[in-house]
Amino acid sequence: MASTTTGAGDRIDQVDLHEFKYSIDNIGTDASGNRAVARGSVTEFKAFALVITTRDGARGEYVSVHSGKSGVLVSQVRGLAPLVVGADPEAREAIFNKLKRAHRHFMAVGHSAIDIALWDMAGKSAKRPVWRLLGGYRDRLPTYASTLNGGRQGILDSKEAYADYARQCAELGYKGFKIHGWGEGDRKEEAGNILHVAKSLGTRMELMYDAASELRTFADAIYVGKACDEAGYYWYEDPFMDAGWSPHAARQLKTHVKTPLLLTEHVRGLETKVPWLVAGATDFVRTDPDYDMGITGAMKTAHLAEAFGLDCEVHAAGPAQRHCMAAMRNTNWYELSLVAPGVRNPVPPVFGSGYSDELEAVGPDGCFPVPVGPGLGVEYDWDYINKNRVSLQTFRR
Ligand SMILES: [Mg+2]
C-alpha cells in the first residue's frame, strides 16, 4: 500500500479484539430466527470491542452495536486486522480500498469496526468529535422508536399491544414509530397490525413498517403494501423474501404500491447500491456504518444518495450512527432500535459518558443528542468488558 508506507508519520502498532458476553431478559427467537420479545426467556449475546493503538500512543476504540451478528463481524475483523498493522492510521481511504479488495468475496463487513475505531482515534487526536471532523450539519437527531419483532408470550403479542406501545412512545416525545411485526410473515396479521396502529394513533406520529424480508411472496408484499397505502405510512421497508436484493422486484412493486419504499439495508457497500438508484427501485437509500465499511463507507453512501437527490436513512442505533447522521443533510430519522415494553435494548451494556439508547433517553423534542466529546465521545465500561470477556486476540507488528 504505497500511500501508507511513505513519510515518517505514526503507524498502527497493535490491534486488540476482545469478545465478551452479556444477557438480556425477555428476549428469545421467533419463527424467522430473529431476536423477538418472549416473556421469561433470557438470551445470551456476544459482542466485541476493538482497540487500535499506535507507536506514538494514540488509541481508537469501538464496540459494535450489532451483537446479533457479532460472530460474522468478528470472524472478518480477525481476518482483516493483520492487514492494518503497520499502516498509517490517518490513511483511512487507503485502508478502505485495501480491505475492500481483501474481503471482496465477503462484502468486507469486518472493515466497519476497524474504520470506526480509526475515526475515534482521529477525533481523539484532534480533540474534536467525529461528526465535526466529517462536517457538522445538526446536533439533535429526530428519532423513531423501532420495535423488536413481536412475540406470542405477553409482549407485543397483538395489534392492541403494538398500538398501546406506540401511544407510550408518543407520550415520551417520539415523533415516529416503526413496526417490526411477527416473524411468521402472515400477510393478513401484518396488514391488520399496520391498519390498527394507524387508526389508534391518528396523526400523532409518523409510522413506518419494516417487514425485514419476512413476507413470503411478491403477492404478499403487494397485499401488505396496500395496507401501508391505506394507512398513510411514511415508508415500507424490505418487504419480502427476495431478501431485499432484487431491484427489479422493487421496481415492479412500486407499480402496485404508493407508499415510499426503503431498501438497500441488505445490500452491502457503495457500488452495489447504484443500480437501485439508476433503476428508481427505492425511494430511500439505506446505510449502516457497522455494515457498510465504517463511517467512511456510510458517508460515501450518503453522498451517493445526495448526488441522486435522495435521502439516506441510517440503520440502527449507536454512536457511529449518530455521528454519521449529524454530518448528513439528506437524512430524516435516527432509528432507536430495538425496543419493546419492559425489555432492555439488546445493545451491549457498556456505554458511559451519559450515552444511552434506551427508550426513555429521548428528549422532550423527540430527539437524541450527538456526542460532543473527542472521537466517538463515548467511554466504554472496560471493567464490564474485562469481567465478561470470553476471548482476547492481539495482532502486533
Ligand atoms: Mg430494517
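Helices H2 and H3 are roughly antiparallel to each other, a class assigned to angles over 145 degrees, with those under 35 counted as roughly parallel, 65 to 115 as roughly perpendicular and the rest as oblique. Their axes cross at roughly 170° and come within 11 Å; axes are lines fitted to C-alpha atoms, for helices over the stretch in contact, and angles run from 0 to 180 degrees between N-to-C directions. Arg92, Phe96, Leu99 and Lys100 in H2 meet His111, Asp115 and Leu118 in H3, where contact requires C-beta atoms, placed from the backbone, to lie within 7 Å. By class, this contact of H2 with H3 comprises 3 nonpolar, 1 polar and 3 charged residues. Ala, Val, Leu, Ile, Met, Phe, Trp, Tyr, Cys and Pro count as nonpolar, Asp, Glu, Lys and Arg as charged, and the others, Gly among them, as polar.

The model is predicted, so local features need pLDDT of at least 70 and side-chain atom pairs count only at pLDDT 80 or more, while totals for chains, interfaces and linings use all residues. Residues are numbered from 1 along each chain as its sequence is written. Helices (H or I, at least four residues) and strands (E, at least two) are DSSP runs, numbered from the N terminus.

E1 and E13 pair in the antiparallel sense over 7 bridges, and Leu17 stands opposite Gln393 in E13.

At the level of domains, the assignment, which is automatic or taken from a database, gives domain 1 (2–127 + 378–396) and domain 2 (132–369). Their centres, taken over C-alpha atoms, are separated by 24 Å. In the interface, 42 residues of domain 1 are in contact with 43 residues of domain 2. On the side of domain 1 that touches domain 2, the elements giving two or more residues are strand E1 (12–29), strand E2 (35–54), helix H2 (92–102), helix H3 (111–126) and helix H12 (382–387). This side has 23 nonpolar, 10 polar and 9 charged residues.

Technical notes
Two residues are in contact if their C-beta atoms, placed from the backbone, lie within 7 Å. Two strands pair if DSSP finds at least two bridges between them.
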